[in-house]
Amino acid sequence: MSTEALSRLLQLASPALPVGAYSYSGGLEAAVEAGVVHGASSAERWIGDVLAHSVARMEAPLLLRLVQAFCEGASAQDWNDRFLASRETAELRAETVQMGYSLERLLSDLGVGQTGVEEPAFPTAFALAVARWEIDPASALVAYLWAWTENQVLAAVKSVPLGQTDGQRLLLSLGGRLAAIAERAARLPDDEL
């Protein structure tokens, strides 16, 4: 990967990306309120389970298909619609639509372009940037998974609450799972999404 592509990938995965991800916990805060998550080990289990059973089996492989669609100049509407339909609650749907809108607007302002999709989800806008900036899709997926994981750990640090060292331990442990998740996502057939 070129240094330019790497810097753009780091920009996409940065918590400084102005899409509002920091304001969402993806259900983690509700798990804390319900007493399901109450410390570092239960936070790791919660985040790891969501990562393995939801993000890895739908969002991750779908991101790769969206990147492919943009690289081929094909419509991403069907994959975007499929992702939106998979959101379990109105809140999760609104979260990804708000983040998708914000990222698409930023990408347009940066001269990258627009998705051409009605109501783009966050992975759709992310995939557009990956394709237009010619970032390796496998590397982009690991960065996407890292950004998701980091956001969840930051939510846990604030809401459980956990200390910064516990947060870094969680990132070290969960981050070690991302390459295998990305590899499985790349092999997952469409009918298993």
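A salt bridge is a side-chain nitrogen of Lys or Arg within 4 Å of a carboxyl oxygen of Asp or Glu. With that in hand, we can walk through this structure, which is a predicted model.

## Salt bridges

Side chains of opposite charge can pair when their charged atoms come close. The structure holds 6 salt bridges, and three of them are described here, including the one between arginine 93 and glutamate 119.

| Salt bridge | N to O distance |
|---|---|
| Arginine 93 – glutamate 119 | 2.9 Å |
| Glutamate 44 – arginine 177 | 3.2 Å |
| Arginine 87 – glutamate 59 | 4.0 Å |

Let's begin with arginine 93 and glutamate 119, whose closest N and O atoms are 2.9 Å apart. Arginine 93 sits in helix 5, while glutamate 119 belongs to the loop between helix 5 and helix 6 (122–132), so this pair links distant parts of the chain, 26 residues apart. Arginine 93 is partly exposed, with a relative accessibility of 31%. Glutamate 119 is also classed as partly exposed, at 38%.

Next comes the salt bridge between the side chains of glutamate 44 and arginine 177, at 3.2 Å from N to O. Glutamate 44 is a residue of helix 3 (residues 40–72), and arginine 177 is found in the loop between helix 8 (164–175) and helix 9 (178–187), so the pair ties together parts that are 133 residues apart in sequence.

## How helices pack

Two packed helices are described by the angle between their axes and the distance between the axes. For helix 3 and helix 4, the angle is about 165° and the axes are 10 Å apart. Angles over 145 degrees count as roughly antiparallel, so that is how helix 3 runs relative to helix 4. The crossing of helix 3 past helix 4 is left-handed.

Helix 7 (residues 137–159) and helix 9 give another pairing: their axes come within 9 Å and cross at roughly 125°. Helix 7 and helix 9 are therefore oblique to each other, and their crossing is right-handed.

## A surface patch and a contact in space

Which residues make the nonpolar surface patch of about 310 Å²? They are Met1, Leu6 and Leu10. Leucine 10 is part of helix 1 (residues 3–13), and its relative accessibility of 54% places leucine 10 in the exposed class.

Alanine 131, in contrast, is buried, with a relative accessible area of 13%. This alanine belongs to helix 6. Between the C-alpha atoms of alanine 131 and glutamate 72 there are 9.1 Å in space, although the two residues are 59 residues apart in sequence.

Notes:
Residues numbered from 1 in each chain as written. Predicted model: local features only at pLDDT ≥ 70, side-chain atom pairs only at ≥ 80, totals over all residues. Heavy atoms only, no water. Helix = DSSP H or I, 4+ residues; strand = E, 2+ residues; numbered from the N terminus. Buried < 20%, exposed > 50% of the residue type's maximum accessible area, 1.4 Å probe, protein only. Patch = residues over 30% accessible without salt bridge, like charges linked within 9 Å, V, L, I, M, F, W, Y side chains within 5 Å. Areas by Shrake-Rupley, 256 points an atom, 1.4 Å probe, with all protein chains shown as cover. Axes fitted to C-alpha atoms, helices over the stretch in contact; angles between N-to-C directions. Parallel < 35°, antiparallel > 145°, perpendicular 65-115°, else oblique. Left-handed = near helix turned anticlockwise from the far one by under 90°.
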